[in-house]
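Subject: Structure handover

Hi,

Here is the structure I promised to pass on. Please open it alongside this note; my findings follow below.

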Amino acid sequence: MKLIIAMIQPFKLEDVKKALFDAKIIKMSVSSALGCGQQAGYKEEYRGAATEINLLKKLRIEIAVNDEFVQPTIDAIIKGAKTGNIGDGKIFVTNLEECIRIRTGAKGKSAIG
Ligand SMILES: Nc1ncnc2c1ncn2[C@@H]1O[C@H](COP(=O)(O)OP(=O)(O)OP(=O)(O)O)[C@@H](O)[C@H]1O
Ligand SMILES: [Mg+2]
């Protein structure tokens, strides 16, 4: 099991949701976030030395998946979120120890899927 965390541009949420839905991935958590990447929150054209971090509005998507869904999930997020410009976002993949469905007590693969 993996936990996929994607930081995306807010205006790309609908495209990402559609791409995930098309790949039959419908379980997700979405929250607002602030963040910056290697431009420290400034545009590429910015020529001055950044003296502070400029946090930009991003969306954080979290999706817990069984192993066979890792690549389809990554592919769908990229399909929906990519413009080709800086700031498109980033995807983090981490190992997930356990998942428990509160209603039934089901654990692991069946609880995620
Ligand atoms: N190393 C990191 N650790 C934590 N969060 C990160 C990291 N890199 C990026 N992020 C998050 O992802 C968001 C989008 O990052 P962004 O796409 O700007 O990455 P980048 O490395 O600067 O790539 P690019 O040059 O394409 O912009 C950031 O605003 C931040 O929320
Ligand atoms: Mg960036």
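**Ligand contacts**

A polar backbone atom of Cys 36 lies 3.0 Å from an oxygen atom of ligand 1. For Gly 87, the distance from a polar backbone atom to a ligand 1 oxygen atom is 2.7 Å. On its own, ligand 1 has 610 Å² of accessible area, and the protein covers 70% of that. Please keep in mind that this is a predicted model.

**Where the ligand sits**

**The strands**

E4 spans residues 89-95 and pairs with strand E1. The two run antiparallel, over seven bridges. One pair to look at is Lys 2, whose bridge partner in E4 is Asn 95.

E1 itself covers residues 2-8. Is this strand mostly covered or mostly open? Mostly covered: five of its seven residues are buried, that is, under 20% relative accessible area.

E1 also pairs with strand E3, residues 56-65. That pairing is antiparallel as well, and seven bridges join the two. Here Met 7 stands opposite Arg 60 of E3.

So much for the handover. Send me any questions once you have had a look.

Best wishes

Methods. Residues numbered from 1 in each chain as written. Chains lettered and ligands numbered in written order. Predicted model: local features only at pLDDT ≥ 70, side-chain atom pairs only at ≥ 80, totals over all residues. Heavy atoms only, no water. Buried < 20%, exposed > 50% of the residue type's maximum accessible area, 1.4 Å probe, protein only. Helix = DSSP H or I, 4+ residues; strand = E, 2+ residues; numbered from the N terminus. Pairing = 2+ DSSP bridges. Polar contact = N/O pair within 3.5 Å; in protein donor to acceptor, adjacent residues only side chain to side chain. Areas by Shrake-Rupley, 256 points an atom, 1.4 Å probe, with all protein chains shown as cover.
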